[in-house]
Amino acid sequence: MALPTRCRYGTRAMVEIARNHGVRPTKRKEIAESQGITEAYLENILTVLRASQFLKAIRGADGGFVLLKDPASITLYDIVEVLDPNFAPVSCVTAPDECQRHATCPSRPAWVELFQAQKKVLTSITLRDLVDRDQSGDMLNYSI
C-alpha cells in the first residue's frame, strides 16, 4: 500500500531536520532544495508537524526548524499518523462503527492484520535510525 505523498515528503523533511539536531536549525529552503519538494507544499507539511509538537520554528537569519524531541523518540508511525490520520487501509479498521457490516465482514480481519503489520514496522523505525542508516550507507528494505 502506497503512503500518501505528504507522508513521504514529511518523513524526508524530518530526516533533514534530524540530521542537524542539536547542531543548528534547518532552513525550509535547504530542506526543499535537498529533497526536491516545493517550498509551498513543504510549508503545509511543516505547519502540521509544528502544530503536532514535533517541530519548533526559530525566526531570524540563523533560524529554521528544530526538533522538539530527540530523533530516537520519533517513529515513522508518529509522522504518518500526524500527516495522514486516516492511514488505515479501510476506515472500518480504526472506526468499526462507520460500517454496518464490520461485525460480519469476511475481509475486515485481513485489513486489520495488514494495518497492524504496517504499524509494527513503522513503530520500529525512528528518525535516528534513518539518519544513522543514511550516514552509514546502510539502506535496508522493509517488507511486510
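The following conversation goes through a predicted model of one chain and asks how its descriptions are reached.

Colleague: What makes up the secondary structure of the chain, and which pattern does the chain follow along the sequence?

Modeller: The chain comes to 6 helices and 2 strands, and, read along the sequence, these follow the pattern α-α-α-β-β-α-α-α. The C-alpha atoms fill a box of roughly 60 × 30 × 25 Å along the principal axes, and 34% of the 144 residues count as buried.

Colleague: Why are H1 and H3 called roughly perpendicular to each other?

Modeller: The axes of helix H1 (residues 5-19) and helix H3 (residues 39-51) cross at roughly 75 degrees and come within 10 Å. Angles of 65 to 115 degrees count as roughly perpendicular, and H1 and H3 are therefore given that description. On the H1 side the contact is made by Thr5, Arg6, Tyr9, Gly10, Ala13, Met14 and Ile17, and on the H3 side by Tyr41, Leu42, Ile45, Leu46, Val48 and Leu49.

Colleague: What makes H4 and H5 oblique to each other?

Modeller: Helix H4 (residues 76-83) and helix H5 (residues 108-123) pack with their axes 6 Å apart, at an angle of about 120 degrees. Roughly perpendicular covers 65 to 115 degrees and roughly antiparallel begins over 145, with the rest counted as oblique, and H4 and H5 are therefore oblique to each other. Their contact involves Leu76, Tyr77 and Val80 of H4, together with Phe115, Lys119, Leu122 and Thr123 of H5.

Colleague: How do you know whether Thr11 is buried or exposed?

Modeller: Thr11 has its place in helix H1, and its relative accessible area is 16%. Buried means under 20%, so Thr11 is called buried. Not counting residues up to four places away in sequence, Thr11 touches Leu76, Ile79 and Leu130.

Colleague: Which residues does Met1 touch, and what separates Met1 and Ala2 from Val93 and Pro89?

Modeller: Leaving out residues up to four places away in sequence, Met1 touches Pro89, Leu114 and Gln118. For the chain as a whole, residues 24 or more positions apart account for 61% of the contacts with a separation of 6 or more.

Colleague: Why is Gln53 called partly exposed, and what is its phi?

Modeller: Gln53 lies in the loop between H3 and strand S1 (55-58), and its relative accessible area is 49%. Exposed means over 50% and buried under 20%, with partly exposed in between, so Gln53 is described as partly exposed. Its phi is positive, about 65 degrees, although Gln53 is not a glycine. Most residues other than glycine have a negative phi.

Colleague: How many charged side chains does the chain have, and what is its accessible surface?

Modeller: There are 18 positive and 17 negative side chains, and the centres of the two sets lie 3 Å apart. The accessible surface comes to about 8600 Å², of which 51% belongs to carbon and sulfur atoms.

Methods: Residues are numbered from 1 along each chain as its sequence is written. This is a predicted model: local features need pLDDT of at least 70, side-chain atom pairs count only at pLDDT 80 or more; totals for chains, interfaces and linings use all residues. Side-chain values use heavy atoms; hydrogens and water are left out. Helices (H or I, at least four residues) and strands (E, at least two) are DSSP runs, numbered from the N terminus. Buried means under 20% relative accessible area, exposed over 50%, partly exposed in between (1.4 Å probe, protein chains only). Contact means heavy atoms within 4.5 Å. Accessible areas come from the Shrake-Rupley method with a 1.4 Å probe; for residues, only the protein chains shown count as cover. Lys and Arg count as positive and Asp and Glu as negative; His and the chain ends are not counted. The place of a charge is taken as NZ of Lys, CZ of Arg, CG of Asp or CD of Glu. Axes are lines fitted to C-alpha atoms, for helices over the stretch in contact, and angles run from 0 to 180 degrees between N-to-C directions. Angles under 35 degrees count as roughly parallel, over 145 as roughly antiparallel, 65 to 115 as roughly perpendicular and the rest as oblique.
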